[in-house]
Amino acid sequence: MVIAVVALILCVLLGGFLLSPRHLKSAQRDNTHSYATVKKVSQVYTKSEVSLHNKRTDCWVIIKEKVYDITSYVEEHPGGDAILNHAGDDSTEGFYGPQHATRVFDMIDDFYIGELEK
């Protein structure tokens, strides 16, 4: 019985530590740091480089001067082949069209690969 009580107390203390605001802030800071590091080493692409990626099996788009490799999303796109209308080109206008739910703005970051050369 004593062992069970001690084990329960240890679990509560360990759970309290893992869920403490200090520990969560540290973990959050680490995630932010890794994302920032990834962004710093991003590639710069010319418009002509992006234009080569204009197929269903190799699809890049430009949205607000940023380059995204959306190849893995093409088949999942709820709008079907409409996503290919601007493959290898600037898709900013279509991306911000009324047909997109707000969640698309969060999803796009997963496909970010670099910046468009200015």
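Let me start at a turn. Lys64 takes a positive phi near 50° in the hairpin of β3 and β4, which has two residues between the strands. Strands here are DSSP runs (E, at least two residues), helices are DSSP runs too (H or I, at least four residues), and both are numbered from the N terminus.

Some ground rules. This is a predicted model, where local features need pLDDT of at least 70, side-chain atom pairs count only at pLDDT 80 or more, and totals for chains, interfaces and linings use all residues. Residues are numbered from 1 along each chain as its sequence is written, and side-chain values use heavy atoms, with hydrogens and water left out.

Now the sheet. It is open, with five strands in the order β1-β5-β4-β3-β2, and the pairing is mixed. β1 (43-45) and β2 (54-55) stand at the edges with a single partner strand each, so one side of each has no neighbour in the sheet. Two strands count as paired if DSSP finds at least two bridges between them.

Stay with β3. On one side, β3 pairs with β4 (residues 66-69) in the antiparallel sense, over four bridges. Ile63 stands opposite Lys66 in β4. β3 also pairs antiparallel with β2, over two bridges. Here Asn54 stands opposite Cys59 in β3. β2 and β3 form a hairpin too, with two residues between them.

Is β3 mostly covered or mostly open? Covered: five of its six residues are buried. Buried means under 20% relative accessible area, exposed means over 50%, and partly exposed is in between (1.4 Å probe, protein chains only).

Next, the core. A nonpolar core is a set of buried Ala, Val, Leu, Ile, Met, Phe, Trp, Tyr and Cys residues joined through side-chain atoms within 4.5 Å. The largest one has 15 residues, and Ile63, Tyr68, Ile70, Ile108 and Phe111 have the most contacts inside it. β3 and α5 each supply at least two residues of this core. β3 gives the most, with three residues. A second, separate core has six residues, including Tyr45, Val50, Val67 and Leu116.

Back to Ile63. Setting aside neighbours within four places in sequence, Ile63 is in contact (heavy atoms within 4.5 Å) with Tyr68, Ser91, Thr92, Phe95, Tyr96 and Ile108.

Now Arg56, in the loop between β2 and β3. Its relative accessibility is 33%, so Arg56 counts as partly exposed. What does Arg56 touch, beyond residues up to four places away in sequence? Thr71, Val74, Glu75, Asp81 and Leu84. Arg56 and Ile83 are 27 residues apart in sequence, and 9.2 Å apart in space, C-alpha to C-alpha.

Ile83 brings me to the pocket. The largest pocket has a volume of about 510 Å³. Of the 22 residues that line it, Tyr73, His77, Ile83, His100 and Val104 are the closest to its centre. A pocket is an open set of points on a 1 Å grid where a 1.4 Å probe fits, with protein on both sides within 12 Å along at least five of seven lines; lining residues have an atom within 4 Å of a point. Volume is the space filled by probe spheres set on the points.

Which elements give two or more residues to this lining? β3 (58-63), α4 (92-95) and α5 (103-107). The largest share, three residues, comes from α5.
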